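Q: Could you take me through the salt bridges and the nonpolar cores of this model? I will ask as we go.

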Amino acid sequence: MSERIPILDNLNEPQKQAVTNVKGPALILAGAGSGKTKALTHRIAYMISQGVQPWQILAVTFTNKAAGEMKERIKNLLTITQDDYAVVGEAGAGRIPVMGTFHSICARILRRDIDKLGRDRSFVIYDADDQDKLMKEVLKEMRIDEKDLKPKAALGYVGRFKCEAISPKDAMSQATTPRMQNVILAYASYQTALKKANALDFDDLILEAVRLFTEVPEILDRYQETWRFLHVDEYQDTNHAQYLFISMLAQKYRNLCVIGDPDQSIYAFRGADIRNILEFEEEYPDALRIKLEQNYRSTQIVLNAANAVIKANPNRPDKEMWSARKDGPRIIVHEVRDEKVEAEEAVLAAENLKKEGIPYNEQVIIYRTNAQSRLFEEACMRRGVPYRIIGGVKFYARREVKDVLAYLRVILNTADTLSLLRILNVPARKIGQTTIGHMQAFASQNRLSLWQTLQRVEEIEALNEGVAARIQSFTALIGKYQKLAEAVPVAQWTLGLLDDIAMEKWLKEDGTEEGEERWGNVQELISVMHKYDALDPHSSLMSFLEEVTLVSEVDKLSDIKDDALTLMTLHLCKGLEFEHVMIGGCEEGIFPHSNSLYDREQLEEERRLMYVGMTRAKTHLRLLLTRSRMLYGTVTSNAPSRFLSDLPDDVTEKRSDELLSAFAWATESGVKRATDKHIEPFRQREVEADFNQDITFDEMNQDGPTLDKGTRVRHKVFGDGTITAKRGDVVTIQFDNGKRKDFALSIAPLQVIG
DNA sequence: CGTCAAGCCCTTTTT
DNA sequence: GGGCTTGACG
C-alpha cells in the first residue's frame, strides 16, 4: 500500500463526512452529479487504509459496469496491483471488495449453497424471453385462453408478487376475483415449472437467497461475518425483496450505508419501493444523514431547468442542486414538423458540436421508448454519423445467439426443457411439431422429462424409424458435448459443436446480409466465451452462461472505444453523463407516456425520468418535440410535454422549424391545403381541426356522451367508423373504408351515430 | 415438414 | 408500422 494516500484530498465537507464515518448506519442523499461514486469509492478505500479487510466489504451497485468502474477507482486510490485483483464474487479471496448487482451477488451465493434448499447448483437463469415462453406453456396447460390472460400480464403480476416477496400461498389469501385466483394458480404452476427445469428467473435470484438466509441461519451468519460493511448504491430503486436481503445481512453489525436520490427513482414498475429510502431513518434512528447537493457535472442553467421540473413533484425531500459552473449555453427547446425532421435535427446538432470539438462519445440521444430509436438510427446512417444503440433488441436476446445459448444450457442442464425444445429442430433436422407432440404426450404419460423421453424414443409407436434415428443422433450429439464440456473450456468445444450442427451454413443459407450478420453475432458470442478459458471446464460453462444472462446493456458501454454517438432510453441513461444531451419526443403521450397520463404516481415517476434525463447533461441540453408524428401506424398530433411548461424562460431558447409544414400530410391525404393560417409553435392539433371548420359538433366538445371503445362515429372526411382505442383525449378510429386514424376528442369533428 | 402470405396484435421503461 | 402467429399450400 502506498505511503501517502490521497483519499481525503479534493473532497468537499459532506463528502468527507460520508467517507470517514464508516461505522453504523448511514444514509447519503446524493443528488445527480454530486460526486456520489467518488464518495463511495473513497469511503471504501479509506476503510481499507484504516485496516478493514477488503473482503469484509460488500457494495451493491445498479449495474455491473458501475461495479467495474468503482473497483478500478479504488484500485487506483490504493495503488493495488493487478495481481491483487479479485474477480467479483470470490468472497474472501482478494484485496478488492466484492461488488456487483443484487442479481449477480445472489447468483454467486446460490451457486455455492442452493443445494441446502434441495435444489441443484447447476441451475440456469431464465431471462424475460424464457419467462414468457414458460408462462405460455403454463397457461396452455391450465387451459386458460391467451385472450383472457396474456402471459405477459400474468408475469406482470408474478413479478409484483416476487418483488414483494409474496409466495403463491400467501398470494392466494389476497385473491378476490376469479381472474386473480387464476393468476395465482398460474404463479404456483410457473414456480413448479421453473423448479422442474432447474431454472430460476431474475426475481428468484433474490428471493431464493433470502430464503436460504432464512432457512439456513448458519449461512446467513457466515455472510454476516464476512461482509461486515455493506453499501447499497441507487437505494431508491431497490424493491422489497432486495430490502430483505440487505437488511438480513446488516442485522448483525449494522454497518449499512445506503446511497440514493428519491428524485431519481424510476423503477417503480419493477417493484422499486421508494419507501425503502424514505423510511431508512425510521428503521435506523441512529443513522448518519448526509446530503450531497453540490453538483460537479452540469452548468447552473441545466440545473435550474432540471430543478424547476422536479419541483412540481410533491413529497420530495428538501434539496436543491447547485453548481459552481455558472456559465453555459441555454437549453434549446426545438419544435419540428415530424419525427423524421426531429431525428435529422438531432443528428445534425451532434455533427455541429462535433465540429466544435465535442466528440460523439460525449453526446447522447435519449428517448422514452425503444420504438423511437429506429428513426434516430436511420438518420445517423443517412448522414454517416457513427452511432451505437444501447438496449432495444439486446444482443443476448437475438435469435441465433439464444439458439447457441440454448445448446449450452441443455448441455449443462438437460432438465431445461424450454431450451431443449428450442434447439430440437434448429438447425432444421426434420423433427417437427407433430413429432414433438407425440414425445410430449409420451413424456406426460410416463412422467418423464422431455430429455428422458428422447432417450427412449424407440418406444414411441407413433414415430417412424426415420424420425427416431434423427432424434437419436441428436441425443448422441448432446451426449458428445456433455463429455467434452467436462474436459475443455467452453469456447473450445462450442466451436466443434457449431461445426457439427453446420450453424454457419444454416444461418447464411438465405444468402442475405442478415444471415451474415447473424453468423457475425455467433462469432462475437464465441469471443466473449474466451474470457472463461482459464477456468476449469465446468465453471467455465456455468460462469459464461451466468454472465450472458446477467449483464445489462449499459455494462457494455465501457468496452467500446470508437467515437460514436450513443442512442438509449431514459431508463438506461441513469448514472451516465455527457457534454451534450438530446431528449427526443418531448410530447404528451410520448413523454410522459400515454399509459402514465392518468395516474398521479406514474406521472410523478415520468417527471423523475425527465429529471434524470436532463441532469445527464454537462453543458448542452436539447429537448426535441414534433407537431405530428407517425405512431403505431397512424399520424398523431401531440401537445408539447407538460414538463416543458415548467422550464423557466430565462434558461431556454425556443426554436421551431417554420410554418405550414404541418399541413403537408393533409395535402398528401387529398385534403385541401390550408394556406391562410399561421401555425404558432406549440399549438397543436390544428391539422385535425382546421379543415372541418364548417362543421359544428358542439355535443362532442362537452363532457356529454362518453366515447368509449366500440362507439360508432362519423367523420366528415373519413366517413363512418368505430372507436377501437381510447387513451385519454385521444381515440383511435377504425374507419369502415379501412383507414385508421387517431383523433383528439376535444377538437376532432366527430359525430356519434346509431 | 417447410414456406409463404395474410391477418393479428401490440405499442413503456429492465436486472 | 412491424413483429409474430396462424393457416393454406407445395
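Q: Is lysine 65 buried or exposed?
A: Lysine 65 counts as buried, at 12% relative accessibility; buried means under 20% relative accessible area, exposed over 50% and partly exposed in between, with a 1.4 Å probe and protein chains only. The model is predicted, so local features need pLDDT of at least 70 and side-chain atom pairs count only at pLDDT 80 or more, while totals for chains, interfaces and linings use all residues. Residues are numbered from 1 along each chain as its sequence is written, and side-chain values use heavy atoms, with hydrogens and water left out.

Q: Which side chain meets lysine 65 in a salt bridge?
A: That of glutamate 69, at 3.1 Å from N to O. A salt bridge here is a side-chain nitrogen of Lys or Arg within 4 Å of a carboxyl oxygen of Asp or Glu. Glutamate 69 is partly exposed at 38%.

Q: How many residues apart are glutamate 69 and lysine 65 in helix H3?
A: They are four residues apart in helix H3 (residues 64–78), and therefore separated by about one helical turn. Helices (H or I, at least four residues) and strands (E, at least two) are DSSP runs, numbered from the N terminus.

Q: How many salt bridges are found in the whole structure?
A: The search finds 57.

Q: Which parts does the pair of aspartate 563 and lysine 354 tie together?
A: These two residues form a salt bridge whose closest N and O atoms are 2.7 Å apart. Aspartate 563 lies in the loop between helix H25 (537–550) and strand S14 (565–569), and lysine 354 in helix H15 (residues 339–355), so the bridge joins parts 209 residues apart in sequence. Aspartate 563 is partly exposed at 24%, as is lysine 354 at 33%.

Q: Which residues are linked in a network of salt bridges?
A: Asp127, Asp129, Asp130, Lys402, Arg409 and Asp416 are linked in this way.

Q: Turning to the largest nonpolar core, which residues touch the most other members?
A: Met439, Trp493 and Phe544 do, in a core of 80 residues. Helix H17 (residues 399–412) gives the largest share of this core, nine residues. A nonpolar core is a set of buried Ala, Val, Leu, Ile, Met, Phe, Trp, Tyr and Cys residues joined through side-chain atoms within 4.5 Å.

Q: What is methionine 439 in contact with?
A: Leaving aside neighbours within four places in sequence, the contacts of methionine 439 include Leu424, Ile431, Leu450 and Ile471, where contact means heavy atoms within 4.5 Å.

Q: And which residues does the second core include?
A: Val98, Trp227, Val232 and Phe280 are among the 45 residues of this separate core.

Terms used
Chains are lettered from A and ligands numbered from 1 in the order in which they are written.
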